[in-house]
Amino acid sequence: MLEALVAGAVTLLQPVVLAGMFLGIIVGLVVGILPGVGPLVLYSLCLPYVYGMKPEVALGFMVALGSVVSTAGPVTAALLNVPGETSSAAAMQDSFPMTQRGEAGRAIGAAVFSSMVGGVFPVFIAMAMIPVMIPALLLFKSPEKCVMVLVGLSFLATLASRSVYKGLIAGMLGMLLAAVGFQDQTGTARFTFGTVFLHQGIPLTALALGMFGLTEILDMYVEGETNIAKSLTEEISGVLDGIKDVIRHWWLCVYSSIIGYIVGIIPGIGGSVASWVCYGHAKMTSRHPEEFGKGAIEGVIAPEAADNAKESGALLTTMAFGIPGSSSMAILLGAFVLLGVTPGPDMLTTKLPLAFTLLLGVAFANIVGGAICLIWAKQLCRIAFVHVDFLTPAIVVMIFVGAFVGTYSIISVLTAIAFGLLGYCMKRLEYPRAPLILGFILGGMFEYYLSISLKVKGPLFFLTPISLIMIAIIIALYGYSYLRTVRKKV
Amino acid sequence: MQLKRGLSFIMVMTMAGLIVVGSSEAGAAAQKPADFYRGKRIDFIIPNAPGDTSDLIARVVVKYLDKYTGATSVIRNVREAGGAQGLNELYRAKPDGLTLGQTNTVRSTLAEIMDQPGVEYQTAKLSWIANITEDYMTFSVAPKSPFKTIADLKAAKNLILAASGGVGHSTLTCLALIEALGLDAKVIIYKSSGERSLAVAQGEVQGFFGSTSASQQGAQRGQSRLFFVLAAKRSSVIPDVPTLRELVQLPKDKAAIMKLWEEDIFVMNSLFGPPGIPKERLSYLREMAAKVMKDPEFKKTIEKVSDSPLSVMSGSELEKQFGSLLDRKAEIKQTYQRLQDKYLK
């Protein structure tokens, strides 16, 4: 294995492979800042161009591109409250409020640096896990995935800042919206009103962009605000402060990365679960949970680390099993096939050097991409001081393009507008929006895995060792949180 | 007076415009197909996700089709509503031969037969150009499965079969098998073939139907074990694997259910255009597609993306195939609606 690691590193350092990676990094950073344009769209656009390239160069380019998108996305989320990827929406709950009180540099510094750590650290876990990858993945069946999603749903109440009941109502509304579409298990169309558009369900990108991006724009105009940032409380040292915050909360960053990595290796769960679970967990275990939603630094660090950590996990599953760990990995899998590289157990044996090249490439791309974002953070922060009359048209265009790109349908744009209005009403009535997003993401997933688990194992499907451990952890967490609350009151 | 002049001017300009447009259309129609396609842009719709096997096959076909026609194809993946949106768009496109598409046509035909919501196209009316690959469905079981014979399957209690991609090819084939063999079984529909394969490797389900090429790959990776092929004769891809007919003699009514999947419906990746493409252009496209299929470079490249054998079916044979299938739409739909209601709801 050591020889394969050295061979993989040597391949990575070839000038042509490095050049491919640098190109992927630049493209990924530039496009990753655009909301709604995530690795899925980027991979689709690049797929035709990699055909005919050497596998190390082509795959290195695509892996680098996908890796840095999660690094660049938090910048838009922090500055404009528009998630670059839907999984950035969790950290946005706190990074945007930080920008509003003039700490944009600190928010970006913390988001990007924790994203870098989340992108680099799990690579080494992935490499160490190679010998046990396949047996480990076989342990996570539908019942375990169902319980994992349920753990995510249990954080719905945690995400509500003032009223738990309002949080739960928002979460339930999200779960109801997730029911729209074609139900695979029974072949029934639900709430589609006979339209083809709703057949696939409400597009998450349009919902998130509308509910967070457009809502804030509406709010700014109604409140008569002139800039996103209400005051300047920092010089550029804010970026360094953000980096120091991550180092100070190193343990939060590390275990969020581990959670993100584990979620990444399990196909079908998705990165948003990791972000929100880590956000909820960070809030529960924080000494100042009341700060969350208003600019708590832990609320930025935990989800960003988790979000980027999933990439190396998903990549390992894709290479080892030939089963894509996420929808963007499905396209990367296509690239593997197109380039004549067959994913599967061979990638962990005879083609192990290539696997190491790609994993090391993820780490390399995250370090370089993150460094570029941090160097440019000072210039990017100035966006927060641009007058809204100039800024909002650009933001609205970005939101509409981001919503459109997901489905290439104008109805997605109308969907974003509709959810923008809904989000504004929710904000006015003090209903939190984060639980709605979490309920929406996890509601459909929970129904899917629950129906499979009930068919496979019956009502006692949760009585498996891994499921019981997860349930025990979540009970312990809530118990600890409750005791702490009681002690505070006393 | 001035108003009269103005109106006259407008009329003359309108007539001139109509003449120009009409003559260019007439000119295009009169052009030889080879000259027509040279330098033109083709809007190529793939109703699948990028990276999907059907998508990869289509991208290879497009490259070589452009080489022989001199046109430039611009690919769009329009996969909403299970690909129905892409097919609807292609069906409604102008039938000038400059909008083409390619996909797993059995999936789209089954969606039409079962009247799935969102389907507006009519498969039998499409302009069929060529079939690219054809494959059969193969039944596989978990690697350490105790099932070695059909009798083992029949004797099993609470068997769980896996399918993917909604209520489509793999699902309906599972339902047909359960009904034909009288299995004590249920079907779980996974979101993707990848998740389905993982479920089999994990032992969560006991068996599944997949294309022969994909099933063979799964078996080579140790994720599953090949059981039988659903075809009238053995597959050239896996010649050691018997057909269902070799393993069991079914009663006439049950054999009729399986016959549909063995002889009439199999995995096909086909190239087509909207209804009404002019005959000369359709013939030309068929001729060019035939050249593509014989190109040794094309064959070498296609092998990298798909193990499914290249097809020998021409466009006109595809027309007959889908025509006769859709003639039996009511009968097929009734049978499978009954099975869906019995086993899925």
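Modeller: A residue is buried if 20 or more other C-beta atoms lie within 10 Å of its own. The model discussed here is predicted.

Biologist: Is A:Ile437 buried or exposed?

Modeller: A:Ile437 sits in helix α19 of chain A. The cut-off for a buried residue is 20 or more other C-beta atoms within 10 Å. A:Ile437 has 28 C-beta neighbours inside 10 Å, so this residue counts as buried.

Biologist: How many residues apart in sequence are A:Ile437 and A:Ala208?

Modeller: Leaving out residues up to four places away in sequence, A:Ile437 touches A:Ala89, A:Gly174, A:Met211 and A:Ala208. From C-alpha to C-alpha, A:Ile437 and A:Ala208 are 7.1 Å apart in space. Along the sequence, the separation of A:Ile437 and A:Ala208 is 229 residues.

Biologist: What is the radius of gyration of chain A?

Modeller: Chain A has 20 helices and 2 strands. For its 490 residues the globule rule gives 23 Å, and the value for chain A is close to that, so the chain is as compact as a globular protein of that length. The radius of gyration of chain A is 21 Å.

Biologist: Which helix supplies the largest share of the side of chain A that touches chain B?

Modeller: In the contact between the chains, 38 residues of chain A meet 37 residues of chain B. On the chain A side, α3 (39–50), α15 (327–338) and α19 (434–457) each supply at least two residues. That side has 20 nonpolar, 15 polar and 3 charged residues. The largest share, 7 residues, comes from α15(A).

How values were computed: Residues numbered from 1 in each chain as written. Chains lettered and ligands numbered in written order. Predicted model: local features only at pLDDT ≥ 70, side-chain atom pairs only at ≥ 80, totals over all residues. Contact = placed C-beta atoms within 7 Å. Helix = DSSP H or I, 4+ residues; strand = E, 2+ residues; numbered from the N terminus. Nonpolar A, V, L, I, M, F, W, Y, C, P; charged D, E, K, R; others polar. Rg over C-alpha atoms; globule rule 2.2 N^0.38 Å. Buried ≥ 20, exposed ≤ 12 C-beta atoms within 10 Å, placed from the backbone.
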